[in-house]
Amino acid sequence: MNAISLRRGFSCFVAVSSIAILPSCGGSSAHANESTDKSKDWYSALVDDETDSQLRIRPNDLASDSFAGPLSDRAHHEAGSHVDDPAGAAYLKAVEKCDVLVVAVRKMKPATDAIVVAGGVPASSTPDAMVDDAQKPFWKKVESPVASVDEWQRTSGDEEEQAARLAVLPGNTWVLAASATSVERMNAAFAGGTPSAYAPDSPGGGKGLFEAVVTGDALEKMRADAPPPVQPIVGTLKRAKLHVDGGSSPGAHAVLTYADDSSAAQSESMLAMLTSK
């Protein structure tokens, strides 16, 4: 399998050191380095085989990494500039120094069903500390169907936004359910007993700073937005994964999985032609 070097794609900051082109040989779920700890069954229930896209970041490790730190600063600035909702901006600020942040989107149409898990949120960050310019809290504490979980509800926004819930688990783990459907799934996942904290499942050292996986409905937008020269590459794509390491061996690696051998071979040829120019 050829390793293809290119400088494009990931916010124009990371040189993607290798791209693996694979035919499909199994499921296409969007799991990114999920924990195998059985005490975190609630996590496996929320980030399951129906997840269409997943973003997994280690904010603290990213910010302090000499290779990926500048990328982290730029990404944080870009994310903040695209968040029009003040409550959303306040949430990003509260979790920006957490140990691990996972964004999992299970369905993109007709309505987004998203779960955001933040592990190791600083003790100084609390839901009631997220306030607007008039010092009015964005979240209010409500009764939770799970006794061991503190649950908070949005105090502003439209009906859909106020359906969101923020659950605070032991060990400074926050779980944000973005819609009524997400909330239902979240509470069902917690119902099995006291949910444990979520933490990175492998040592740091600059490994696994960032990982993004896209499959299912999430690929439809990628296909729709792709320029004509890229259409043959994304047309039969079943799963796309980008993994970024920092530390002493920095690099970014992409894995593209296709429906069959011929599609994989065609895309490998197209990528080789594009990156040779």
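This is a predicted model: local features need pLDDT of at least 70, side-chain atom pairs count only at pLDDT 80 or more; totals for chains, interfaces and linings use all residues.

Biologist: How many helices and strands does the chain have, and what share of its residues is buried?

Modeller: The chain contains 9 helices and 11 strands. Of its 277 residues, 43% are buried. The accessible surface is about 13,700 Å², and carbon and sulfur atoms account for 54% of that area. Among contacts between residues at least 6 apart in sequence, 62% join residues at least 24 apart.

Biologist: How should I read one helix against its surroundings?

Modeller: Begin with the geometry. An α-helix has 3.6 residues a turn, so residues three or four places apart point the same way. Now consider α4, residues 86-95, where Ala87, Ala90, Tyr91, Ala94 and Val95 are buried. Viewed down the axis of α4, these buried residues fall within an arc of 125°, so they line one face of the helix. On the other side of α4, Pro86 and Lys93 are exposed.

Biologist: Which elements cover the buried residues of α4?

Modeller: The cover includes the strands β3, β4, β6 (150-154), β7 (165-169) and β8 (173-177).

Biologist: Let us turn to charged side chains. What is the general idea, and how many salt bridges does the structure hold?

Modeller: Side chains of opposite charge can pair when their charged atoms come close. The structure holds 7 salt bridges. One of them joins Lys93 to Glu96, with the closest N and O atoms 3.2 Å apart. Lys93 is exposed, at 57% relative accessible area, while Glu96 is partly exposed at 24%. Asp150 and Lys141 form another salt bridge, their closest N and O atoms being 3.4 Å apart. Asp150 is partly exposed, with a relative accessible area of 34%.

Biologist: Which parts of the chain does the salt bridge between Arg185 and Asp113 tie together?

Modeller: The side chains of Arg185 and Asp113 meet at 3.1 Å, N to O. Arg185 lies in helix α6 (residues 180-190) and Asp113 in strand β4 (residues 113-119), so the pair ties together parts that are 72 residues apart in sequence.

Biologist: Are the two partners buried or exposed?

Modeller: Both count as buried: Arg185 has a relative accessibility of 14% and Asp113 one of 4%. Beyond its neighbours within four places in sequence, Arg185 is in contact with Ala45, Leu46, Asp48, Arg106, Asp113 and Ile115.

Biologist: Where does Arg58 lie, and what does its side chain approach?

Modeller: Arg58 sits in the loop between β2 (53-57) and α2 (59-64). Its relative accessibility is 2%, and Arg58 therefore counts as buried. A polar atom of the Arg58 side chain lies 3.0 Å from the backbone oxygen of Gly208.

Biologist: How does one describe aromatic rings that pair, and how many such pairs are found here?

Modeller: A pair of aromatic rings is described by the distance of the centres and the angle of the planes. A search of the whole structure finds 5 aromatic pairs. The ring centres of Trp42 and Phe190 are 5.7 Å apart and the planes stand at 70°, so this pair is edge-to-face. Trp42 lies in helix α1 (residues 41-46) and Phe190 in helix α6, so the pair ties together parts that are 148 residues apart in sequence. Trp42 is buried at 3% relative accessibility, and Phe190 is buried at 1%. Trp42 and Tyr198 form an edge-to-face pair as well, 6.4 Å centre to centre with 75° between the planes. Tyr198 is in the loop between α6 and β9 (210-215), so its pairing with Trp42, in helix α1, ties together parts that are 156 residues apart in sequence.

Biologist: Which residues do the ring pairs link into a cluster?

Modeller: The cluster consists of Trp42, Tyr43, Phe190 and Tyr198.

Biologist: Finally, how may I read the setting of a strand residue such as Val105?

Modeller: Ask where the residue lies, how accessible it is and what it touches. Val105 is in strand β3 (residues 100-107) and is buried, with a relative accessible area of 14%. The C-alpha atoms of Val105 and Ser53 are 5.3 Å apart, although 52 residues separate the two along the chain. Not counting residues up to four places away in sequence, Val105 touches Thr51, Asp52, Ser53, Thr112, Asp113 and Ala114.

Terms used
Residues are numbered from 1 along each chain as its sequence is written. Side-chain values use heavy atoms; hydrogens and water are left out. A salt bridge is a side-chain nitrogen of Lys or Arg within 4 Å of a carboxyl oxygen of Asp or Glu. Buried means under 20% relative accessible area, exposed over 50%, partly exposed in between (1.4 Å probe, protein chains only). Helices (H or I, at least four residues) and strands (E, at least two) are DSSP runs, numbered from the N terminus. A polar contact is a pair of N or O atoms within 3.5 Å; within protein, one must be able to donate a hydrogen and the other to accept it, and residues adjacent in sequence count only if both atoms are side-chain atoms. Contact means heavy atoms within 4.5 Å. The arc is that of the directions from the helix axis to the C-beta atoms. Accessible areas come from the Shrake-Rupley method with a 1.4 Å probe; for residues, only the protein chains shown count as cover. Rings of Phe, Tyr and Trp (its six-membered ring) pair if their centres lie within 6.5 Å; planes under 30 degrees apart count as stacked, over 60 as edge-to-face and the rest as tilted.
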